[in-house]
Amino acid sequence: MRQGAIETPWSRLVGGLVLGTETFARRLLRRGIGGNPREQAALRSLPQPVTWSEIVSALELAKGEGWEQFSKRHGDWGRDAALWLGRRQGRLRLAQLGRLAGGMDYAAVGQAVSRFGRRLEREARLQRQLRRIELQLSNVEI
């Protein structure tokens, strides 16, 4: 926008549906507030969340072992990566993630997601591994 120009509220319209940021629009959609994707092309254009099974499969492939082997192993980054991806790519709630990960409390899931995010900021090798996993998830055929 050029300097001195007045911003109209319509420039903040996300996907022709919601007035606000894309993050706000995604939050509304995650809560089930939205329209019909068959009738509203803008809804179809928003990226669809990744399923838990897709996340687990991508991690199993990246780690070369099954979920049951690494998810309960002390110090293994796999379970926390799954929770982090589930929150970020799958748009899942903490309580949902806890149930899917084997009965974790939502507060423990929140701690694990935060801890993994901090670890990800520090470790370049882990960033590269996660980038490959995210790329694989973005190429999932639906």
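**Exercise 1. Where is S71 found, in a helix or in a loop?**

Solution. This is a predicted model, in which local features need pLDDT of at least 70, side-chain atom pairs count only at pLDDT 80 or more, and totals for chains, interfaces and linings use all residues. Residues are numbered from 1 along each chain as its sequence is written, and side-chain values use heavy atoms, with hydrogens and water left out.

- Step 1: Locate the residue. S71 sits in the loop between helix 4 (67–70) and helix 5 (78–88). Helices (H or I, at least four residues) and strands (E, at least two) are DSSP runs, numbered from the N terminus.
- Step 2: Check its cover. S71 is buried because its relative accessible area is 7%. Buried means under 20% relative accessible area, exposed over 50%, partly exposed in between (1.4 Å probe, protein chains only).
- Step 3: Find its contact. The S71 side chain reaches the backbone oxygen of W67 at 2.8 Å. A polar contact is a pair of N or O atoms within 3.5 Å; within protein, one must be able to donate a hydrogen and the other to accept it, and residues adjacent in sequence count only if both atoms are side-chain atoms.

**Exercise 2. Describe the overall make-up of the protein chain.**

Solution. 

- Step 1: Count the elements. The protein chain has eight helices and two strands.
- Step 2: Read their order. From the N terminus on, the elements run β-β-α-α-α-α-α-α-α-α.
- Step 3: Take the buried share. Of the 142 residues in the protein chain, 32% are buried.

**Exercise 3. Work through the salt bridges.**

Solution. A salt bridge is a side-chain nitrogen of Lys or Arg within 4 Å of a carboxyl oxygen of Asp or Glu.

- Step 1: Get the total. The structure holds seven salt bridges.
- Step 2: Take E65 and R73. Their side chains meet in a salt bridge at 2.8 Å, N to O. E65 counts as partly exposed because its relative accessibility is 22%. R73 is partly exposed too, with a relative accessible area of 37%.
- Step 3: Widen the view. K63, E65, R73 and D76 are linked in a network of salt bridges.
- Step 4: Take E134 and R88. Their side chains meet in a salt bridge at 3.7 Å, N to O. This pair links distant parts of the chain: E134 is in helix 8 and R88 in helix 5, 46 residues apart. E134 is buried, since its relative accessible area is 18%.
- Step 5: Take R119 and E123. The closest N and O atoms of this salt bridge are 3.0 Å apart. R119 is partly exposed at 24% relative accessibility. E123 is partly exposed at 29%.

**Exercise 4. Which residue has a positive phi although it is not a glycine?**

Solution. 

- Step 1: Recall the rule. Most residues other than glycine have a negative phi.
- Step 2: Name the exception. R91 has a positive phi of about 55° and is not a glycine.
- Step 3: R91 lies in the loop between helix 5 and helix 6 (94–100).
- Step 4: Judge its cover. R91 counts as buried because its relative accessibility is 15%.
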